Amino acid sequence: MSPQTPLFIALSLYIISAIFYLVYLLNRNEFYDKSGYYVLLAGFLVHLSGTVFRYVLAGYTPITNLHESLSFFALCTAAFFVYLRRSYRIAGLGGIILPFIAVMLIWAISIPSPIRPLPPVLQSFWLPIHTIFAFLGNAIFLVGFVVSIIYLLAERDLKRKKKLHTIFRSFPSLETLDRINYRCMAYGFPSLTAAIITGSIWAETAWGHPWNWDPKETWSLITWIVYAILIHNRFVIGWRGRKTAYLMILGFVSVIVTFLGVNLIIGGLHSYV
Amino acid sequence: MVLGVSHATAPVEVRERLHIPEESIPQFLNDLKARGLAEGVVLSTCNRTEIYVNSQSQEEATRIIGDELTQKLGIAGDWAEKYSYSLSSTGAYRHLFLVASGLDSMVVGEPQILGQVKDAFRIASTSEATGALFEKIFNRAFQAAKRVRTETRIGYNPVSISSMAVELASKIFGEIATKRILVIGAGEMCEIALKHFKKEGVHEAFVTNRTFRKAQLLAEEIVGTAHPFEEIPELLLKVDMVLSSTGADMPIIAKELVLSTMKKRRGRPLFFIDIAVPRDIEPEVNEIENVYLYDIDDLKELSQQHLSNRLAESERAHAIVDEEVTKFELWLNQLGRSPVITQMLEKVEKIREAEVKKASQRLKNVDEETLKQMEMLTKSIVNKIVHPHIMLVKKNGSPAVIDMMKSLFQLGEEDEKNLDSGDERE
């Protein structure tokens with residue numbers, strides 16, 4: 001079996017789940033929420049096994065290039081969505097997040113990536129720890145980003161006293177969206193911090209210096225500062241709702257630059273693609 | 001005739017200015033009497049201010065009422081042209097019947113309006129501003145309202161202001177089962193809305209009112225706690241929703257208060273529902289972050305979407321009103337106008353009945369609903385056709401016109417005799 005095969009199966013399941021959730025957005029029928037969830041769960045398990053399978057084949061944690069990273073990003077996002085679904089009624093969010101997951105996986109699959117021996121610089125005890133924290137953070141911030149956009153749109157309609165659009169009726173209430181946003185910062189920020197710290201420990205052993213102002217390092221610091229401001233304002237000043245949503249969006253733009261912009265455009269010490 | 005403004009013609013700002021408080025209505029009616037308008041009823045609610053008077057000349061009455069209102073309430077004189085409507089005779093009766101039946105209400109079919117019309121009539125009659133004619137008109141209006149309520153489904157499933165408010169609350173808060181509500185005012189609207197929130201499972205309710213006793217009564221009734229009016233700033237920190245409907249002339253809750261409250265609340269959202277006219281909460285409050293303010297007009301806009309499925313029932317209700325208006329006019333005519341009108345109406349009614357009977361015999365398996373609809377349809381057609389003739393006779397009762405009507409409606413010899421005796425009575 002090719003390491004790609006499980007990804008194809010997982011992708012099909014994600015797409016089916018996305019369709020269920022999109023139908024849910026239109027008719028708010030619980031059946032589509034439940035079906036979407038179980039299909040997603042199946043997709044997630046296949047995806048997870050596929051990742052483990054690749055780990056076994058390669059002999060190292062498969063988060064070393066764009067293909068593997070995108071696939072792992074999608075996996076983390078699916079995991080976080082499943083986690084959230086257990087505590088909140090977030091069926092409406094599935095219609096947005098599942099398509100994101102599916103697109104990430106399609107992109108990952110489109111990049112051919114035979115298993116190669118690991119470059120010496122990546123052969124480290126820190127590889128799995130650093131990358132797992134980094135992508136867990138990315139996935140959590142992606143959810144925060146989606147939630148924030150929905151929050152802003154729904155909030156604007158409520159303030160303008162317009163008739164709520166069918167789709168907005170399916171989304172969670174403002175308060176739930178804000179709480180999810182809160183959880184995203186409460187979990188995402190420590191993950192990002194852990195990724196930066198483990199990264200710098202690893203950098204010290206690999207490159208001889210903990211901080212090298214490599215573009216990825218610089219951008220992750222910018223991202224970290226944005227979320228730090230957000231956390232500070234939320235906890236100390238008591239920001240809520242719209243303002244936090246704007247900063248969540250800004251933070252995720254920075255995440256995307258850190259993850260993709262640096263890999264695809266800027267380059268630097270971190271580019272292994 | 002009637003002169004008025006309502007939610008359909010004037011924005012809430014104008015209605016606020018034209019609101020006549022209950023205690024000044026008797027004085028106002030006296031002033032009208034002094035200027036020659038002997039019979040009058042003032043209906044002033046959240047959504048309308050209407051003055052019904054009995055007058056020979058519509059223009060003159062309009063002018064007098066306009067003057068009085070402009071003077072009394074101190075507003076720019078051009079409001080009447082911009083926002084008001086003025087109807088006389090049939091138009092005015094129909095309007096009153098529609099209003100009493102809740103068909104002219106913001107939320108079509110809502111039941112509160114009938115009580116308000118009854119109150120308005122009671123106030124006028126205790127001020128000795130109503131005579132035999134008004135008594136009859138208003139009683140007929142109540143009767144029409146009752147028929148609309150019992151014979152159509154308009155009133156059964158009222159899209160109430162409160163259910164709209166509950167829906168919005170659930171968009172903001174999700175479950176309202178953990179939320180607290182503060183109710184300012186202890187009137188009927190507050191009570192209805194609060195009961196609705198309670199039914200939807202609101203966690204805790206606080207009631208406050210200028211007259212503390214009334215707050216206590218409402219609080220006891222719905223299992224809540226009553227608080228003095230002065231505690232509002234502290235209460236605002238405890239609750240998530242505020243429902244306000246007081247008779248206050250000035251806003252009770254100012255933007256500054258909400259701003260400082262939101263600081264202390266650390267931005268926890270606050271949902272204001274202002275169903276009072278004039279408004280209790282400054283409209284600028286809605287600009288504050290995490291604060292959502294809906295006034296009665298906003299809720300109306302939203303409830304419009306539910307209106308479409310009620311159209312069929314609404315048509316039936318209008319047919320009932322038309323019928324009642326015709327019946328009332330018939331009575332008016334019998335009161336001493338030309339008996340030829342009675343004959344015309346009897347004649348067409350006979351024709352109508354005969355035709356309906358024939359039709360229902362021809363049709364097989366007619367259900368009651370169809371029969372009812374047929375009755376209504378034919379009555380409404382007949383009334384509409386006969387109406388201009390009646391108006392003509394009423395305006396110009398000359399022998400030539402009466403002769404013309406007789407030949408038009410083929411009123412026979414027998415009727416001639418009745419007509420003569422009728423003339424004698426006059």
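View 1. Helices (H or I, at least four residues) and strands (E, at least two) are DSSP runs, numbered from the N terminus; axes are lines fitted to C-alpha atoms, for helices over the stretch in contact, with angles from 0 to 180 degrees between N-to-C directions; and two residues are in contact if their C-beta atoms, placed from the backbone, lie within 7 Å. This is a predicted model, in which local features need pLDDT of at least 70 and side-chain atom pairs count only at pLDDT 80 or more, while totals for chains, interfaces and linings use all residues. Residues are numbered from 1 along each chain as its sequence is written, and chains are lettered from A and ligands numbered from 1 in the order in which they are written.

**View 2. The sheet of chain B is open and antiparallel**. Its four strands have the order 2-3-1-4, where two strands pair if DSSP finds at least two bridges between them. Strand 2 (40-44) and strand 4 (85-87) of chain B are the edge strands, each pairing on one side only.

**View 3. Strand 2 and strand 3 of chain B pair in the antiparallel sense**. Five bridges join strand 2 to strand 3 (residues 48-53) of chain B, and Gly40(B) stands opposite Val53(B) in strand 3.

**View 4. Chain A touches chain B**. Here 15 residues of chain A are in contact with 17 residues of chain B, and helix 7 of chain A gives the most to the side of chain A that touches chain B, with three residues.
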